[in-house]
Amino acid sequence: MDSLSGAGPRRARGRLGEASPGARAAAAPWARFSAWLECVCVVTFDLELGQALELVYPSDFRLTDKEKSSICYLSFPDSHSGCLGDTQFSFRIRQCGGQRSPWHAEDRHYNSGAPVSLQREPAHYFGYVYFRQVKDSSVKRGYFQKSLVLVSRLPFVRLFQALLGLIAPEYFDRLAPCLEAVCSEIDQWPAPTPGQTLKLPVMGVVLQVRIPSRVDKPEYSPPKQCSHESLLPTPVVLASVHELDLFRCFQPVLTHVQTLWELMLLGEPLLVLAPSPAMASDLVLALISCLQPLKFCCDYRPYFTIHDSEFKEFTTRTQAPPNVVLGVTNPFFIKTLQHWPHILRVGEPKMSGDLPKQVKLKKPSRLKTLDTKPGLYTAYSAHLHRDKALLKRLLKGLQKKRPWDTQTASLRRHLLELTHSFIIPLVRPRAGGGGERRATALVHSPPLPCQEHYMASLMPLKKSITPWKTPPQIRPFRQDDFLHSLEHAGPQLTCILKGDWLGLYRRFFKSPHFDGWYRQRHREMAHKLEALHLEAICEAQNIETWMKDKSEVEVVDLVLKLREKLVQAQGHQLPVKEATLQRAQLYIETAIGSLPKDLQAVLCPP
């Protein structure tokens, strides 16, 4: 088994089926493949070994022993699921070698344009599984059991499920030659570029997808139904690369959607126990998506087993439960994690008349280690009142047999508006927010009225940013000031729901999601401030005039600062125009040219 330190790249690319020499690694013939997938794995059941890794494509992709073990155990439903036939589900594992190194320029380019919730994972792998278990008299155990797994850093669950639906049935019939051909086709795909619509040919079918961009406006159009028949003359259009059928996932918990949204917002530990890996993983991913466009900053495992390498870490009682959402199928977890504050158990989908049977809200004291009934076991009291109109609308839609994609669109719109109503007071205009014009609106935010934003109010005034001085600092976020502003400009302006919004904000400030959100916003504001400072320098008076009364030390200092800003900008970290970059480079060359030869040699070595 391969071992790996975090020091180098995971792959020295060569042709399928052979390890590549180091000299050919630089050519990276599998670069296009790795823009979408890390590798493809085949996991089978061995009578002596249990789950075993049969194949890894490309064969030179290096997985650690721990990663191989995790993939093997997570690619099969556990014995409590009893899955017969074909099953699709997903999992997420921690990369054992640390964060991806080196961090590729392609990754930075993709992440700079993608929504924060869809950025490429730097330290985790997603596993998308197609598992088949059918009776087979030619096998000693009497069953054919095998999984095809796509390993990726992209959270494109809808796309990769569709891809597996095309290639897995064919692979189980034809085996290796089919898989090799598919990998070669994927290696011809264009890179995932935010905002672009791409056509991805595979096995005689063309998948048409649009890669979301962070500047996209929310759209509520129902997803189109797509057929996956082979040899289609026209592309199969996927309405989304990542969005699941939210209404199907939340069927048994519709009455508790807002409570679950609050638990996700606050980053609370949650155990989700379902009858199958498919239900568990889909429900966990649906819960994570509740916060969009916010990034889910806690850990989550769509499917988790007792064999996972983090089992002891997540189940210890020596410290508070970690901020993680776990999807499981083994009832053993009820006993092991009964000290967790929130446990959701769902059963097989059942109808009560024309409506899906809903799980009940139950106190944790009613949690039994054996034969626990479906329910949401928690002592948490929701801060917001339930939206009875939404629930009535959804249930009425079921009775009238309204299309499920329409139901999903309605539910997704509600959650999106709820999240926006919560976030708007943090970033949108406050009442009476006049005064001098601030340096900027928030980066990547939609256009807003020319009033003061709460976060933007922390920015220095634009007139205080001068060319030849260090830009002023961003003022600190003061929770009390913000909470005081809610009386006149709170979520009640955009949301009809009543409740203890102040209490919800206070708990949010203590959660990992506030920390993640604030760090991201502060980073964007700092980059914008640097960009404005660079623009101020480039739009200022002639640099020769400025240099007349400046010492060599001051000129060298300007050169170093401009170079640092250019490096940041070229790494997609500063939102500046190309013309500004060109002018900054010209300033650098002019400044260096004014210095003595010995200093020029130091600043521009041959």
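Begin by selecting R210, which at 37% relative accessibility counts as partly exposed; here buried means under 20% relative accessible area, exposed over 50%, and partly exposed in between, with a 1.4 Å probe and protein chains only. What you have open is a predicted model, in which local features need pLDDT of at least 70 and side-chain atom pairs count only at pLDDT 80 or more, while totals for chains, interfaces and linings use all residues. Residues are numbered from 1 along each chain as its sequence is written, and side-chain values use heavy atoms, with hydrogens and water left out.

Next, select residues 205–210, which make up strand 7 and pair in the antiparallel sense with strand 6 over 6 bridges; strands (E, at least two residues) and helices (H or I, at least four) are DSSP runs, numbered from the N terminus, and two strands pair if DSSP finds at least two bridges between them. Along this pairing, V202 stands opposite V205 in strand 7. Widen the view to the open sheet of 3 strands, which has the order 6-7-8 and mixed pairing. Strand 6 (197–202) and strand 8 (236–237) stand at its edges, each with a single partner strand, so one side of each is left without a neighbour in the sheet.

**Strand 5 and a buried pair**

Now move to strand 5, where 9 of the 10 residues are buried, so the strand is largely enclosed by the rest of the structure. Strand 5 pairs in the antiparallel sense with strand 1 over 6 bridges, and V42 can be picked out opposite L148 in strand 5. Strand 5 also pairs in the antiparallel sense with strand 4 (residues 124–135), over 10 bridges, with Q133 standing opposite Q145.

Then select R153 and E38, whose side chains meet in a salt bridge of 3.4 Å, N to O. R153 lies in the loop between strand 5 (143–152) and helix 5 (157–174) and E38 in the loop between helix 2 (31–34) and strand 1 (39–46), so the pair ties together parts that are 115 residues apart in sequence. Both R153 and E38 are buried.

**A network of charges**

The structure holds 20 salt bridges. For a linked group, select R92, R94, E121, D299, R301, E310 and E313, which are joined in a network of salt bridges. Within this selection, look at R301 and E310, whose side chains meet at 2.7 Å, N to O; R301 is buried at 0% relative accessibility, and E310 is buried at 8%.

Strand 12 (residues 342–345) pairs with strand 16 in the antiparallel sense over 4 bridges, and the bridge partner of L344 is L376. Strand 15, by contrast, pairs with strand 16 in the parallel sense over 3 bridges, and K362 stands opposite Y377.

Terms used. A salt bridge is a side-chain nitrogen of Lys or Arg within 4 Å of a carboxyl oxygen of Asp or Glu.
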